[in-house]
Structures are given as C-alpha cells and as structure tokens.
Amino acid sequence: MPKTKWVLNTLVLICFMDLFIQLPVMGPLALSLGAGPFQIGLAVGMYSLTNMIGNMLAGIWIDRFGGKRVLLVGLFATAGILLLYTLVSQPGELLTVRVLHGLSGGLLVPSAFTMVSRVASDRDQGRSMALSGAAVGVAAILGPAFAGIMKASAGLDWLFIAASALLLSGGGVVLLGRIREDVGRSREQDASSSRAKHVFSTTLRNPSAAMAYYGAFALMFAMGALTYSLPLKAEALDLPDQAAGLMLSVFGVVAISLFVLPSNRWFDRVPPLRLCAAGGGIVIVSLFALSLTGLQMGMYVVMAVYGLGFALLFPSLNALLVSHVRPEHKGKAFGMFYAFFSLGVVAGSSGLSAFTGDYDLTLRIASGFLLASCGGVGLWGIRRARRESKVMNPSTG
C-alpha cells in the first residue's frame, strides 16, 4: 500500500506539472504570434474554460471505466497535444490547441485524485490528501522554474517536447505501477446520461459536498487574483525580476512543509469544516494584508502566512468531499470539484482583471468577496445543522 501511494502521488505531481509548466509561457507565446491583448487573455483563459468540460466528462467516465483507464487516455492524449504547440504559427491555431489541451488535461487531475481516495482508508483520507497536496506544491515550485530554464536555454519548442515526454513517462508509471482499482459499480448501472445527471444533482444537494465545491471555487478564486496581482505589484515596486516567483515559492514551501511534516495528522484528527474555516480566514486576511504592504520583506511574510491558509484548505476540502460521497460516485464528485477549481481561476484572474487594473484594489475586492461569501456559506451551514438537530431531537425545540 505505501508503494502504491508513492506511485499515485508521483502521478499527481506529473499531472500538475502539465498545468504549472504552461502558466508562465502561454502569454509570451501568444504575443510572439502577433496576438492582441484580448487574444492573449483568451489564450491564457481558454485552457481553464475547456478544462471544466474535461473535468465533468472525466467524472462520468471514471465511475464507468475506472480512474486508471481515464488517466491513461488523458496522459497520452495530452502528451500528443503538447507537441501541437510546436506547430502553431498564428493566434487562431494557438486557441484551437488550447481548447484541445484543456479538454484532455481535464481528464488528468480528477482521475489521479479519485485513485488516491480509493486507495486510502476512511480513517486516512485527510493525511492522504495532504501528501497529495504536497505533490501539487512541488509541481507549483518546479513547473514554472522548469519552464523558465527550458525557455531560456532551449526555446519554447523543446519545452513542449520535454513536457510531452514527462506525460508519456506518467503513462508508463500507470502501466508499470500495478495499481489495482475497484470501480465500485457495474458499467451498465452508469451507462445512461440521465443517471449521470441524477448523480450530479444529488451530489450538489449534499450540504457538505456543496461546501467543498464552494471552497474549491473560493480557494482558486483567491489564487487567480493573487497570480494576477502579485507580478504587477512586484513590477510596480521595482522589485527584482525574480521576486514574484520567489514569493510564490515561499507560499509553496510553507504549504508543502505542513503537508509532509507530522502536522499532517491534523487532517484526520480535526473536523474538515474547522480546518476549512481556519484556512479560509487566513487566506482572506493574507489577501487584504498583501494589498496594504509595499515592503518586499513584508510581502514575503504575507505569502508565507498565505501558504499556511492554503495548506489547511486544500486537503480538508478534498477530505470533506470524499467523506460525504458514495464510493461509486467519487469520479463524478472529483470531476465537479476540479471543475469548480477551474472556474475559480477564471473568475479570480480574468474576471477581476476585466473589472479593474489596480492590483491592490483587485486583492481587496477578492478579500471582501471571499469574506462575504464565506460568511454566507457558514451561516447557511449553521442554520441547516440546527434544523437537522431539531428534526432529530424535537424535544430540544
């Protein structure tokens, strides 16, 4: 079992490397092809938009065919599509490849995390998700650095070729890893689209699952606002070119430390909702504090605190979802979960950037929105819990 977890976390790392490698280079690539500002923004955001569709399709197919098969299809298809970037010569062609990349890339993460959740025991879900979160954090640090080094030393074409080779190696890991997976239901049971729609709607009506989905959206909304605002703020303050990247690395290092140190036992000992509330509060305060500070050291400190909030949220949200979804529906649940992730990125970066170009105002709007919406979701959860308590114990009412 420990060997299987290492194999799965390696696959999580590879899946997220596909995302983080492309982030720093897609804008410059679009610009080099003669794209205007609107086309550049579309090229960057198109991946996330079509990724949501891929996530939803992955959810349906995972529960029908198993995460292993869907992950293999996603890895090999994405590896092939990455090579198409070396052939584009105009913005329209780039947008087409971005659509295909988003669709195929959408199969990767839900498949990997569904497999992780099915391997872990019910008592070990929080810690298991924390270790997978560490793999995500490592990818967030290595991906942009690898992209920068490859772009400077070998050029963009070789970057995409190397990324394609990495995903092909991931397919080899799946084939050679001897991962056994219990799909949990017969294919005939899940064959109809009406059945799939019913499962989606039922999962959305589950209060705990709904909170996990909102948390996924909120977490990536904050991340989208941060990745849009931080480089602009660092440039406006005349900080070194590498400052924004190093600040994001600080956030990643703090998060990874919490994931892999003995502190990861918190995620199985403390109720997920409490950790989500604590993590959400830290993220909100961090965004607002970052908008107020103009000192480089202060920004590093804030990003370290932000990393703590992210570390509390990510595995807790995954564990909250897994603990309230039937095993045979985990694929669809994770498909929706990561669709909300993609939606949050689009809303936090593209949405807020369209509203204002002021980086500090963007951070404050994001902080205020999260505070108001998290407060609303929290009150809804408290009221629902009280109503359920009265139904179960009418004498107390």
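Begin by selecting Asn9, which is buried at a relative accessible area of 15% (buried means under 20% relative accessible area, with a 1.4 Å probe and protein chains only). The model is predicted, with local features needing pLDDT of at least 70 and side-chain atom pairs counting only at pLDDT 80 or more, while totals for chains, interfaces and linings use all residues. Residues are numbered from 1 along each chain as its sequence is written, and side-chain values use heavy atoms, leaving out hydrogens and water.

Asn9 belongs to helix 1, residues 2-22 (helices are DSSP runs of H or I, at least four residues, numbered from the N terminus). Display next Leu131, Ser132 and Ala135, which Asn9 touches when residues up to four places away in sequence are not counted (contact means heavy atoms within 4.5 Å).

Proceed to helix 11, residues 243-260. An α-helix has 3.6 residues a turn, so residues three or four places apart point the same way.

Finally, select Ser316 in helix 14, residues 296-322. Is Ser316 buried or exposed? Ser316 is buried, with a relative accessible area of 2%. Leaving aside neighbours within four places in sequence, Ser316 contacts Phe267, Pro272, Leu275 and Cys276. A polar atom of the Ser316 side chain lies 2.6 Å from the backbone oxygen of Leu312. Select Gly215 as well: its C-alpha atom is 9.6 Å from that of Ser316, although the two residues are 101 residues apart along the chain.

Notes
Helix = DSSP H or I, 4+ residues; strand = E, 2+ residues; numbered from the N terminus. Buried < 20%, exposed > 50% of the residue type's maximum accessible area, 1.4 Å probe, protein only. Expected span 1.5 Å × (residues − 1). Polar contact = N/O pair within 3.5 Å; in protein donor to acceptor, adjacent residues only side chain to side chain.
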